[in-house]
Amino acid sequence: MKINSFRLALVLLACSFVGVAHAKTLDKVTQASANEKGCLSCHDGIEDIIGGGMLAAIKALGAGHKDPAGCVVCHGGNPTATTKKAAHSGSPAALSKSGGPTTFYPDPGSVWIADKSCGQCHAGYAENVKKSLMNTEAGKLQGNLWSWGMHDSKKSDIGNYTMTDADGPIPAVGSAEYKDYMERFVKAHPDQMPDALKQVPEVDVDQITEHPNLAAITYSRQQCQRCHVGVNGREKRGDYRGAGCSSCHVPYSNNGFYEGSDPTIAKDQPGHMLVHSMQATREHKVTVGDKTYSGIPTETCASCHNRGKRIGVSYQGIMEFPYGSPFNEKGGKQSKLHTKKYAFIADDLHHQKASLPGNPEGGLLCQDCHTSIDMHGDGNIAGTTLAQVEVECEDCHGTPNKFPWELPLGYGEEFQQAIDDKPRGLTKELPAFMTMGTVYPPEDGYLLSARGNPYGNIVKKGEEVIVHSASGLDFKVPVLRSINDKDAWRSKDGKVAMTSISAHVEKLECYACHADWAPQCYGCHVTVDYSKGKTDIDWIANGNAVGEDGQTADHPLGTNGLTSPGKVSETRSYLRWETPILGINGEGRVSPLMPGCQVITTVIDKNGKTVATNEIWNTPEGKGLDHAAVQPHTAGRRARTCESCHNNPKTLGYGIEDGRYMQGYENGFTVDLQTADLDVIPSKVTQQIPAIPKLDHDLSQIVTRDGKQLVSVGSHWELTGPLPQEMREKMERTGLCMGCHQNMSNAELWAKVDSKPQGWVTNEEHQKVMDKFVKQAAAQAAKKKKWWQQWGNNDE
């Protein structure tokens with residue numbers, strides 16, 4: 001690992017709090033001022049980090065350590081020092097002895113020291129977060145190495161850090177019902193709920209020539225792992241953030257500029273927090289200029305959730321596109337966000353400002369649905385997203401036949417197993433860990449998650465379900481049982497799909513139909529080049545290089561910290577968003593699929609020799625052109641049409657237009673003067689499209705019509721895969737129009753039909769005609785049956 005020491009020295013000379021370049025020197029601070037104001041003798045004007053009773057407690061504690069503003073309670077340091085160096089070192093001895101900071105912490109939210117800062121009030125959170133997916137990214141690593149042919153098991157046993165879950169399978173937090181549920185869950189799914197992780201190793205560059213797929217480790221360490229909370233955000237527009245607790249709870253704008261009133265923080269240098277305030281619950285308001293808000297804005301989540309499954313940017317309605325259009329007023333293209341350019345498709349209905357009647361104009365925040373355990377973990381090591389996330393759509397919306405509280409625990413994640421049908425009910429009690437934030441009145445009771453934890457912000461009130469958003473807004477939830485009881489369906493299609501075809505409710509995820517779209521980046525073309533000493537940022541190396549002050553090697557602005565050998569470049573084959581493929585997810589339900597790690601790899605070793613060219617690696621289930629089950633976070637009120645599933649080969653896994661395009665890539669394409677039999681005429685030619693030797697089908701195809709699986713579908717759960725052959729055959733209704741239209745010119749036949757349509761008819765009239773035909777056929781069959789019952793066995 002390497003770091004630019006000269007550059008780092010310069011930056012360290014200019015930086016301090018959260019990498020802050022000071023705009024004011026400290027040599028004019030007098031001892032009297034330091035004794036009176038403590039840290040505010042320099043940072044006068046800085047925003048309060050929190051409000052209410054917590055701020056009062058912090059200030060009271062700080063006053064006992066000669067810092068009336070209470071900064072030392074979280075940051076440590078020496079509040080009565082008169083120089084910056086002395087102020088930003090050490091910590092009051094009494095504070096350290098009582099479990100507080102042991103030295104100066106530039107970012108107290110760092111997960112590596114948070115037990116001594118945030119943990120003074122929020123005990124246990126730091127330990128839980130360390131073992132959560134937000135920090136380990138175990139599933140991402142396992143899936144990536146699987147696609148590169150380096151991991152042949154669905155066991156998640158590798159992560160960003162080596163760790164052991166020493167306290168056993170019972171969660172550290174949660175209701176009694178949740179703890180019981182998860183103890184059984186861990187026992188049933190040991191590969192997805194491991195008790196230990198090993199850190200993904202460094203790459204031995206000397207082995208690359210013989211084993212080029214080891215480049216998967218470089219790809220992961222440099223590209224995929226930058227978003228875990230053990231490190232700071234990448235210094236790119238949209239990616240600025242703090243580490244650990246500060247990743248989510250301290251606001252950073254996309255441009256990374258400070259807009260507060262601390263005179264020591266430069267306002268013209270990107271990479272700083274927006275203001276020195278914590279964003280969290282409804283109760284604490286954050287003020288930026290003339291705007292005040294509460295809760296954690298969606299864009300904070302999107303600073304990480306813009307890669308992989310891309311759920312953050314998808315929720316906002318945007319998808320990466322290479323074009324950068326439309327032009328701005330100066331004729332330039334879009335500014336890059338998360339290093340990409342975007343097109344707007346459609347935002348999730350939960351995000352949209354347009355609301356249902358009776359609801360305020362505004363959207364839900366991510367934290368309004370996702371629970372504390374979804375974010376912080378529960379003290380167990382989760383190996384995949386499904387292992388950690390406890391929420392299901394039905395927890396709030398129920399089903400057409402049952403209210404949410406009438407559903408059993410485990411509904412929605414049955415894993416194709418029978419579950420106890422005992423109603424989960426409601427509760428008026430919150431576990432202790434949920435009382436640290438805003439506590440809303442329970443009304444008739446808090447709703448429960450699929451795993452038995454109460455939603456502290458979602459309550460039953462009479463016949464209504466109310467979501468209290470951290471933004472300050474309250475929303476009424478459309479409850480399916482109520483809609484069905486009142487026959488208040490918005491469309492006939494919805495009523496038929498939800499009430500007449502039970503399999504839709506029993507076997508499908510809600511978002512199998514209600515996901516408007518999903519980002520589909522087909523083909524992940526990756527070059528990893530180790531020649532000429534090329535290097536890039538190694539996020540796992542950074543996360544494992546932690547100082548006494550809790551800061552990782554990437555913390556100082558302008559450095560990005562440690563690097564490792566190799567340099568990665570990426571591009572795509574093509575992009576789509578419409579009608580995602582359907583498959584089976586890890587819970588055993590029908591779900592949208594999207595391209596996962598579809599790596600097509602070129603590797604150049606340290607001597608400049610190309611040791612792999614457009615290579616596709618193999619997995620135990622097929623080519624490593626993985627498709628992953630996904631909750632796209634693109635829900636729309638208008639669901640997919642019947643035809644988009646039952647009359648669409650792509651949806652069934654057969655590829656766009658039955659996979660008839662994008663053929664011939666295994667040979668490549670040369671475009672030049674040709675003879676009639678397609679022989680290239682010139683001798684000096686350049687191949688236009690290089691060959692991908694193992695790619696003999698469209699990247700959107702996952703299975704053949706006779707049931708041969710072509711590519712990997714999911715790497716974490718045994719149930720994940722294409723739609724089963726029997727299900728595909730039952731679903732597909734392509735070509736049904738021919739049943740009638742092959743007879744359209746048969747005048748003799750139509751002369752016998754009572755309700756022959758006259759000329760062109762609308763779709764609605766067409767449906768009425770078909771409905772009449774079906775009912776007439778049923779009536780004729782009933783007459784025939786009745787006649788047979790009466791006369792069929794009569795010998796006379």
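Me: What makes Gly-53 and Ala-60 of α4 exposed residues, and which face carries them?

Reply: They sit on the face of α4 turned away from its buried side. Exposed means over 50% relative accessible area, buried under 20%, and partly exposed in between (1.4 Å probe, protein chains only). The model is predicted: local features need pLDDT of at least 70, side-chain atom pairs count only at pLDDT 80 or more, and totals for chains, interfaces and linings use all residues. Residues are numbered from 1 along each chain as its sequence is written, and side-chain values use heavy atoms, leaving out hydrogens and water.

Me: Which residues of α4 are buried, and what do they pack against?

Reply: Leu-55, Ile-58 and Gly-62 are buried. Seen down the axis of α4, the buried residues fall within an arc of 65 degrees, so they line one face. The arc is taken from the directions from the helix axis to the C-beta atoms. Their packing partner is α5 (71–75), where contact means heavy atoms within 4.5 Å.

Me: Why is Asn-560 called buried?

Reply: Its relative accessibility is 18%, so Asn-560 counts as buried. Asn-560 lies in the loop between α24 (539–543) and β14 (563–565). Its phi is positive, about 65 degrees, although it is not a glycine.

Me: Why is Met-662 called partly exposed?

Reply: Met-662 has a relative accessible area of 31%, so it counts as partly exposed. Its place is the loop between α26 (649–652) and β21 (711–713). Phi of Met-662 is near 55 degrees, a positive value in a residue other than glycine.

Me: What makes a set of residues a nonpolar core?

Reply: Its members are buried Ala, Val, Leu, Ile, Met, Phe, Trp, Tyr and Cys residues joined through side-chain atoms within 4.5 Å. The largest such core here has 28 residues, and Met-182 and Phe-185 are among those with the most contacts inside it. Helix α11 (residues 176–188) gives the largest share, five residues. Apart from this core lies another, of 27 residues, including Ile-616 and Tyr-654.

Me: What makes the bond from Ser-325 to Pro-326 cis?

Reply: Its omega is near 0 degrees. Pro-326 sits in the loop between β6 (318–320) and β7 (342–344).

Terms used: Helices (H or I, at least four residues) and strands (E, at least two) are DSSP runs, numbered from the N terminus.
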